[in-house]
Amino acid sequence: MKLDRLKFSLVYCTPFFVLFSIYSENYWSFSAVVFIFMIVPFFELFTKGSTHNLSKIEEEIAKEDKMYDWLLYGLVPTQYFLLIYFLFQVSDPNLAFHYKVGASLALGMSCGILGINAAHELGHRLSWQEQLMSKMLLLTTLYMHFFIEHNRGHHKNVSTDEDPASSRFGENVYAFHLRSIWGSWWSAWHLEAEQLKRNNLSFWSIRNEMLVYQIVQALLIAAIWLAFGSSSLLFFLSGATIGILLLETVNYIEHYGLRRKKNTDRYERTLAIHSWNSNHPIGRLLLLELSRHSDHHYIAIRKYQTLRHFDESPQMPTGYPGMMLLALFPPLWFYVMHKEIYKYKQTQKGDSLA
């Protein structure tokens, strides 16, 4: 179990390369992008990963082991340190434009992997402290509505056409980005309005979290503009946008072409067959087991260190970083994934796929 703890410390590889990129002040500022989208996918082409699951006893021990939690909590101050350091660096007029582009890309990697992925894990926790940490991380990438839409919308409607964050068969990633970003934001407003109505609260209430999120995000933007200038703000907005696009690309690959059956007026329960999974080891550790996605949708509050492999889950041909890269080239994506879908359908009884 100590070794398991140690392996998850590799999640700090991303902030290390982001820090190095921001510190470099030269072309090495592209190091984080090269690491995540070139080095990791290359090595994962030659790995398959383990399908091993923890035993019941091991799972209980891991679930109660606070070290896994502290590894996760540590990502919050790490993300804020990287953001502040980034702002100081890009506000320096003596540093080259190409460095600032590389640093912005590095911040984007941090926003996507720490600012949203770690926030995703914390957002499913039950304590208010962990949920607050989730919102703090989402603030750094200006995507706080994800806390509402993901928990109350995506997990309810996943793998249906009612979910803006579930990609459709034949839909390319760029069309999906537009549909999911707008649809998720609008869905969060709708979900919050419904909850306020159930609780007999006014839409124009401090209890309207969506209103609060917009104000807090606007205040962050204003603070960056006042403290670091308009140029630094533009670089920050670029990094935040990259983080958002990373999230939405992950959303795209996680449920592509998979659909739940509808029986009369309701959908079947979300099953292991409704998420694409990957046991490729590096991506699993860098993304806190996000690629064991079926189990996450089966029990959303299950902690990352206890997520399980299911034999019946559809498996991606490589890890999440490589599949995200592949998705950026729609003809290649369709060529690979449509073959995978048709092959997987042959192993299933019934037609649960689009």
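The paragraphs below take these topics in turn.

This is a predicted model, in which local features need pLDDT of at least 70, side-chain atom pairs count only at pLDDT 80 or more, and totals for chains, interfaces and linings use all residues. Residues are numbered from 1 along each chain as its sequence is written, and side-chain values use heavy atoms, with hydrogens and water left out.

The whole structure holds zero disulfides, a disulfide being a pair of cysteine sulfur atoms within 2.5 Å. Cys13 has its closest cysteine sulfur in Cys111, and the 19 Å between them is too far for a bond. Cys13 is partly exposed at 23% relative accessibility, whereas Cys111 is buried at 0%. Here buried means under 20% relative accessible area, exposed over 50%, and partly exposed in between (1.4 Å probe, protein chains only).

Helix H2 covers residues 13-24; helices are DSSP runs of H or I with at least four residues, numbered from the N terminus. Its twelve residues reach 16 Å from first C-alpha to last, close to the expected 16 Å, which is 1.5 Å times one less than the number of residues. Buried residues of H2 include Thr14, Pro15, Val18 and Ile22. The buried residues of H2 pack against helices H3 (31-44), H6 (75-90), H7 (97-123) and H13 (281-286), with contact meaning heavy atoms within 4.5 Å. Glu25 follows H2 and has a positive phi, near 65°.

Phe42 lies in helix H3 and is partly exposed, with a relative accessible area of 45%.

Technical notes: Helices (H or I, at least four residues) and strands (E, at least two) are DSSP runs, numbered from the N terminus.
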